[in-house]
Every structure is written in C-alpha cells, then in structure tokens.
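Subject: Structure handover

Hello,

Please find the structure below, with notes on what was found in it.

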Amino acid sequence: MKNLISQTINDLPFSGIRKFFDLVSEMDNVVSLGVGEPDFATPWHIREEAIFSFEKRRTAYTANAGMLDLRRGISKYMKKYNLDYCPKTEVLVTVGASEGIDIALRALINKGDEVLVIEPCFVAYKPCVIMAGGIPVSVPTSAKNDFKVTAKDIEKRITKKTKAILISYPNNPTGAVIGLKELEEIATVLRGKNIAVISDEIYSELIYGDAKHISIASLEGMRENTVVLNGFSKAFAMTGWRLGFACGSEAIISAMTKIHQYTIMCAPTASQYGGIEALKNGMANVELMRKEYDGRRRFMLKELREMGMDCYEAKGAFYLFPSIKKFGMSSEDFCAKLLKQERLAVVPGSVFGESGEGHFRCAYAYSMESLKEALVRLKRFISGI
C-alpha cells in the first residue's frame, strides 16, 4: 500500500503544530499555550438547543448547503460587516472554516495556478493549495509593519499564473489586524485583474482596543470575486461542533456546494441547530469572552515586555507572537529547549512559514492561572540563556 499513496500526499509534511504536540502528549507537568482553542465551554443555551434537537429526533440530513434558517441567520449576521448575501444562493454551511478553505481552493484552482499566501499564516493554507493542484506563493510580512501585508507586497508577486489570494485578518498566528486604508490599497491592486480573494475571517469577533474588523468583500468592486469564510469555533467557543460558513457570489458558492455535497453531504444537524441559537441569542456571550481575552492579552503583553521579550501589540485573535531573534536560536530549537527544560509548550514560528522564523506563537485562550505559571517558566528559561 505504501507504494500506492499519491506522490502529492507523500510529499506533504505533517502539521508542524501536531508534530510538536505529539511530544507534549508524552510528557508530564506540561503547561501548554499552544493550541488555538477557547478555554470556555460552549454557552449553555447553545448546548441546550443541540440537546433539544436530539430529544426531538431531529437527526436526519439537512439540505446540502445547510438549514435555511441557519443560512438566513448567517446572512443577517453578515450585515454587521456591510455585506448582503442571499441565504438561498450565496451562503454555504461548512464543516468548520477549514472545510471552507479546502473547497474554495478546489473550486477555483486549476493545476499550476498560483495562489498568493500572506505569511505568517495558518498551517493548512499551503497544503490545501497544493492538494488543489495549485502553487503557493509566499507574501511575507514582518513585525516592522505590524505583520500587515501591503499592496506593494502583493503587486510585485502577481504573475500571469496568479489565480487567487488568501488573506486572513485578524491573523493566526500573529494577531495582526488590517485597517481600511491598507485594504483599500490592496483592493486597488486587485480590481480588474480577475484574481479571486479568499478571506478567512474566523477571528472577526475577536478585536481589541480601537481596532475594527473590515471585510475586504465590503469594499467597492470586491464582493463579486471574494469568498468570505467564517465560523462558530472561535467566537462562540464551538470548536468541536465543526460548524463554519462561506459567503460569496452565486457562482463560487454553487461550485463549492457541488464539492461539499459529494464529499461531506451536510454539516452535522445538531451543530446547525446550535448555530441558529448562537446567532439569535449568543452575541452577549461573545462580548463577555472577548473582554476576558482582552484582559489576558494586555496582561501577557505587559509581562512579556517586562521580562525583556520583544513583542508587538497584537490587536486581534487570541495569540501573541514574541520575537526571539536576540537569543540567537532558531524558533524550533528555542521551543524544543523550552519544552524540555521548563515543560512549557509554545509553537515555533517557523511552522507558519519562513517569515515566522525568529518568533513563537503563544495563545492566551487559557486560564489566568495557566498564563501566570507559563510566564514564570518562560522568565526562568530566558534568564538562563
């Protein structure tokens, strides 16, 4: 069987995050800031709605595109970002935003097409491009510009083979947020070029300070060629429910639905009932969690800087991305030694692309008790370097 495996899949490495946390699972007394998952339970009223759906024997398949009531709720929700989508033809319910990334690329990419990928980035982007037959082209960003991609960065990497661009703000792993001015400049470069935009906005609700989330699809002339991906995992603490959605023009949503119906059939029915309830009555919970994350963010940033770590102020998601360049170690070596010596797990920046080297990602979606202990261990470690 080994000789029968696709060469494309054989050549793909396993996720750098999972590889690292396989080591963690074999160790005792580890404090982990590695996994991007809320430490909150899904709010009870959402769980209750899913339980009620089981009690009422609502366990059959739904429409491939998702329950219409849920798509109506998603359409209404998107209006807060100045976007108007028809729930019947321009909204697709997916198995997490991750499925949305995969099927959006498969719906768009022909073999050999180039896809611009803003780095550092979520570890699945490049593998999904490759599995779709495309060629990922890195567009690096850095802390000098708060990890915001610029129009010039994008423009100089566009070729005749460029088919799409993957944008993700607020960003994982950096926590970067991009503003209206930068997005307008990017839109100016992309308008009229027949390049699709895949905008992963899964962290849209997790914005702090004076920052504000703006979808590139809401800008003049950008809606038609943009597919917006989002979901319930991060904002509503529903990671295990595997519920996401895609919004876009009828052409792209129809193509994505075709792939979805042959490979997935539909998102889990109970999860969809939970999603309906989340959108109807869950925004107050989202705000409570956002405020808690913000408090943790400010605490972590202050403590990291006081111990001498260089760390720019992330304004979104629930990650910080401190620099370790002054220690003269690769991010993988730094994180491996930190894990071995202090039993503290964070993620090497290199797993998020070359421009992530010299940093590590730490999530603050953990209890204050865990964060405080992590900082004690980190301070002890760097004092001995």
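**Salt bridges**

Asp102 and Arg106 are joined through their side chains by a salt bridge, at 3.1 Å from N to O. A salt bridge here is a side-chain nitrogen of Lys or Arg within 4 Å of a carboxyl oxygen of Asp or Glu. This is a predicted model, in which local features need pLDDT of at least 70 and side-chain atom pairs count only at pLDDT 80 or more, while totals for chains, interfaces and linings use all residues. Residues are numbered from 1 along each chain as its sequence is written, and side-chain values use heavy atoms, with hydrogens and water left out.

Both Asp102 and Arg106 lie in helix 5 (residues 96-108), four residues apart, which is about one turn of the helix. Helices (H or I, at least four residues) and strands (E, at least two) are DSSP runs, numbered from the N terminus. Arg106 is partly exposed, at 37% relative accessibility. The classes are buried for under 20% relative accessible area, exposed for over 50%, and partly exposed in between, with a 1.4 Å probe and protein chains only.

Helix 8 (residues 180-190) holds both Glu185 and Lys181, again four residues apart, about one turn of the helix. They form a salt bridge whose closest N and O atoms are 2.9 Å apart. Glu185 is partly exposed at 34%, whereas Lys181 is exposed at 60%.

Side chains of opposite charge can pair when their charged atoms come close. A salt bridge between Arg223 and Glu90 has an N to O distance of 2.6 Å. This pair links distant parts of the chain, 133 residues apart: Arg223 is in the loop between strand 6 (196-200) and strand 7 (226-231), and Glu90 is in the loop between helix 4 (68-78) and strand 2 (91-94). Glu90 is buried at 12% relative accessibility, while Arg223 is partly exposed at 24%.

A network of salt bridges links Asp294, Arg297, Arg298 and Glu313. The count of salt bridges comes to 21.

**Aromatic pairs**

There are 16 aromatic pairs. Rings of Phe, Tyr and Trp (its six-membered ring) pair if their centres lie within 6.5 Å; planes under 30 degrees apart count as stacked, over 60 as edge-to-face and the rest as tilted.

One of the pairs is Tyr203 with Phe318, edge-to-face, at 5.5 Å centre to centre and 85° between the planes. Tyr203 is in the loop between strand 6 and strand 7, and Phe318 is in the loop between helix 11 (283-306) and strand 9 (319-320), so these distant parts of the chain, 115 residues apart, are linked by the pair. Tyr203 and Phe318 are both buried.

Phe232 and Phe245 have ring centres 6.0 Å apart and planes at 70°, so this pair is edge-to-face too. Phe232 is buried at 1%, and Phe245 is buried at 2%.

Ring pairs also join Phe40, Tyr203, Tyr293, Phe318 and Tyr319 into a cluster.

**Helix packing**

Helix 3 (residues 44-55) and helix 10 (residues 269-281) pack with their axes 8 Å apart, at an angle of about 140°. Axes are lines fitted to C-alpha atoms, for helices over the stretch in contact, and angles run from 0 to 180 degrees between N-to-C directions.

Regards
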